[in-house]
Amino acid sequence: IYYNLKYMPELKRCGRCLKDKLYMDYHDNEWWIPVHDDRKHFEFLLLETFQAGLSRYTILAKRENFRKAFDNFDPVKISQYTEAKQQELMQNAGIIRNRLKIASAITNAQIFLEIQKKHGSWDTFIWDYTDHQGINSAMQRSWSNSSDPHRQSLSTSPLSDQISKDLKKLGMKFVGSTVIYAHLQATGQINDHEDTCWRK
């Protein structure tokens, strides 16, 4: 279900998403909504690897630029990118121009396809880690000791640690535990909305 923010301004949302409409729209319509489409999984995975060391908002603001630059996040096409294509991407001011991250997108696309072949789909592979159930995370935040009541206290978990370790063994790059935790949030396996948020 897609929610139009224009008609729902009164909703109580996670405080960290209130930066502007772009962030609120992502929060209301995508964040922690379970994903079972492999192309969408790969889209989030690619964006989150580029997000490493940056803010989620930075990537959201450039998302459509990434979509155009990376062939609508098609892992088959990306897995076949040439050196010339990498050089083209390095000249694209609309994305994050990091040579290592661009190279990792190609490597990760190749491994993503290998996982699909072995497990039938990436969706089956990744959701097997949670027995195909979403985790409604009671994050046990210690906000009472924080000057920011909306501070998110977790960025990794034993689950993201394990998935990160497994993906690195397979050869994926920029898939540290923090990146994987963000992926689990984005694709609906971990629900980290604040307790008062309407999405919780």
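Reader: In which loop is Phe 174 found?
Author: This is a predicted model, in which local features need pLDDT of at least 70, side-chain atom pairs count only at pLDDT 80 or more, and totals for chains, interfaces and linings use all residues. Residues are numbered from 1 along each chain as its sequence is written, and side-chain values use heavy atoms, with hydrogens and water left out. Helices are DSSP runs of H or I with at least four residues, strands are runs of E with at least two, and both are numbered from the N terminus. On that basis, Phe 174 is found in the loop between helix H9 (158–170) and helix H10 (177–186).

Reader: What is the phi of Phe 174?
Author: Most residues other than glycine have a negative phi. Phe 174 is not a glycine, yet its phi is positive, at about 55 degrees.

Reader: Does Phe 73 count as buried or exposed?
Author: Phe 73 also is not a glycine and has a positive phi, of about 60 degrees. Its place is the loop between H4 and helix H5 (75–79). Buried means under 20% relative accessible area, exposed over 50%, and partly exposed in between, with a 1.4 Å probe and protein chains only. Phe 174, at 30% relative accessibility, is therefore partly exposed, whereas Phe 73, at 0%, counts as buried.

Reader: Which side chain of opposite charge is nearest to Asp 123?
Author: Asp 123 lies in helix H8 (residues 122–127). For charge, Lys and Arg count as positive and Asp and Glu as negative, while His and the chain ends are not counted. A salt bridge requires a side-chain nitrogen of Lys or Arg within 4 Å of a carboxyl oxygen of Asp or Glu. Asp 123 is buried and has no salt bridge, the nearest side chain of opposite charge, 13 Å away, being Lys 40.

Reader: Which helices do the buried residues of H6 pack against?
Author: In helix H6 (residues 83–90), the buried residues are Lys 85, Gln 86, Leu 89 and Met 90. They line one face of the helix, because they fall within an arc of 145 degrees seen down its axis, the arc being that of the directions from the helix axis to the C-beta atoms. With contact meaning heavy atoms within 4.5 Å, these residues pack against helix H4 (63–69) and helix H7 (99–119).
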